[in-house]
Amino acid sequence: MTSFPELGSRSSLSWVHTATAWRTALALVVVFVLLATSGWAVGRRLGAGPDPLSASLAAWGKGAIAGRPLPDTDSSPRRLARFFDSLTGAQLTRLVRRYPLAVGNLNGAPVGLRYRANRLALRQARLVERERTRDDRLTPYGQREAGRRVHRYEALLSQGRQILAFDPAGSGRVAEVFGNLATARRVSVVVPGVDTDLLTFERTRQPYRAPVGMARALYAAERSASPASRTAVIAWADYTSPAGIGIDAATGARAEDGARRLRATLGGLPGRSRAEVALFCHSYGSVVCGVAADDLPRAVTDIAVSGSPGMRAENLSDLGTSARVWAARDSGDWIADVPHLDIAGFGHGADPVEPDFGARVLSADGAAGHAGYFEPGTTSLANFAKVGVGAVTSVSCGGGDACTAGLI
């Protein structure tokens, strides 16, 4: 029989506190498991051979152009930009053809060159997946997954699409630009949450619940809010997000890597000395943005989170950022039921919409749940657009006018 400490004793109080902590942690895990079994979990694709991007970067490291070695791929974006500026058109074309994946993912390379390189890389990846659809060594499921990838690559190769980053390895990573990034004075970056990969980057049904639809809707709303503004929006799925709402989603490991990659992307934006940047971070994407917050480029003026499980912080000052921080949550968003705490690495800290956190709380009227914040016609999307174009004094606050206090 289990014996319990005597009530009122010091050991009993310690036992109660420990038990409470364990119950809270268990509740957190149970919530994530329940959500994962309610349709949010989706399987990851296992690797199919060598990592093409790593191979391209390794080949770049051994390469040369016009008799001089190519710069280290870990060089600063400024140095890489100077290198590319020194090349002729013919030399740039030669590099794109030799190292398409490397060039397409180099922060500091001209964006137009990255688009060209990634189109070539997508064509090459499409050929690989077409062969896999006929590979008898694969299971029928594996062949179907290869066919889905072929379809996704064909969509990304559609006329006019601007692919800023592409990595076919594993579940895949990708980023797409809407608008003219090279001349934009306002840049918005959509950072999505769990189950984001190549196959879920866009969707036909409920399009505004996937990164491409979110970014397209935000770009259209910004153009409507301020037609004269030179804006661009990036659908940024260039990190490996958690698969489903399980243990990975309850910890910050994926967010740490995502934050590193997000900072690198922002550091490589063209015209970064003049463009202002706003981050729009949904669900687990807000964890990524919270981890990245204390070391973002000065160009980042705003961080707006929606449906956030937390930002790995207890309050605004913990984020260590000078950017304005905005938070929005729809009244029907299930994320409100996830415990906002951090116990032994599980959970992501305080709720950003709570007054004690210190964020500026935006109205999310019309968002209709956890994934509807970028739906056209919602107050949340209209607010995001105003933040994106810098019209922050005209946003609609959640629960009063406190979110615009002190703004000019």
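Which strand holds Asp302? The notes below start with the model as a whole and come to that residue in point 3.

1. **The model.** This is a predicted model, in which local features need pLDDT of at least 70, side-chain atom pairs count only at pLDDT 80 or more, and totals for chains, interfaces and linings use all residues. Residues are numbered from 1 along each chain as its sequence is written, and side-chain values use heavy atoms, with hydrogens and water left out.

2. **The chain overall.** The chain has 13 helices and 10 strands. Both are DSSP runs, numbered from the N terminus: helices are H or I with at least four residues, strands are E with at least two. Of the 408 residues, 51% count as buried. Buried means under 20% relative accessible area, exposed means over 50%, and partly exposed is in between, with a 1.4 Å probe and protein chains only. Contact means heavy atoms within 4.5 Å. Take the contacts between residues at least 6 apart in sequence: 68% of them join residues at least 24 apart.

3. **Asp302.** The answer to the opening question is strand β8, residues 300–306. Asp302 is buried, and its relative accessible area is 0%. Its side chain makes a polar contact with the side chain of Thr301, at 2.7 Å. A polar contact is a pair of N or O atoms within 3.5 Å; within protein, one must be able to donate a hydrogen and the other to accept it, and residues adjacent in sequence count only if both atoms are side-chain atoms. Neighbours within four places in sequence aside, Asp302 is in contact with Arg186, Val277, Ala278, Leu279, Ala323, Arg324, Trp326, Val387 and Val392.

4. **Ser308.** This residue sits in the loop between β8 and α12. Ser308 counts as buried, at 5% relative accessibility. Not counting residues up to four places away in sequence, Ser308 touches Ser283, Ser286, Ile335, His340 and Pro352.

5. **Two residues with positive phi.** Ser283 is one of the partners of Ser308. Ser283 lies in the loop between β7 and α11. Its phi is near 55°, a positive value in a residue other than glycine. Ser283 counts as buried, at 7% relative accessibility. Asp195 is not a glycine either, yet has a positive phi of about 60°. Asp195 belongs to the loop between β5 and α8. Asp195 is buried, with a relative accessible area of 11%.

6. **Helix α11.** How many of the nine residues of α11 are buried? Nine of the nine are, so this helix (residues 284–292) is largely enclosed by the rest of the structure. Among them are Tyr284, Ser286, Cys289 and Ala292. Their cover includes β5, α9 (247–250), α10 (253–267), β7, β8 and α12 (316–319).

7. **Helix α8.** Check the length of α8 (residues 211–225). With 15 residues at 1.5 Å a residue, α8 should span 21 Å, and its end C-alpha atoms are 21 Å apart, which agrees. The expected span is 1.5 Å times one less than the number of residues. The buried residues of α8 are Pro211, Val212, Gly213, Met214, Ala215, Ala217, Leu218, Ala221 and Glu222. Their cover includes β4 (173–179), β5 (186–191), β6 (231–237), β7 (276–282) and α13 (379–389).

8. **Ala382 and Glu222.** Ala382 is in helix α13. At 35% relative accessibility, Ala382 counts as partly exposed. Ala382 and Glu222 are 160 residues apart along the chain, and their C-alpha atoms are separated by 8.2 Å.

9. **Phe84.** Look in helix α3, residues 77–85, for Phe84. Phe84 counts as buried, at 3% relative accessibility. Its C-alpha atom is separated by 7.4 Å from that of Pro110, 26 residues apart along the chain. Beyond residues up to four places away in sequence, Phe84 touches Trp60, Leu92, Leu95, Leu106, Gly108, Ala109, Pro110 and Leu113.

10. **Helices α4 and α6.** Helix α4 (residues 89–98) packs with helix α6 (residues 111–133) at an angle of about 35°, and their axes are 9 Å apart. Leu92, Thr93, Val96 and Arg97 of α4 make the contact with Leu113, Arg116, Ala117 and Leu120 of α6. Axes here are lines fitted to C-alpha atoms, for helices over the stretch in contact, and angles run from 0 to 180 degrees between N-to-C directions.
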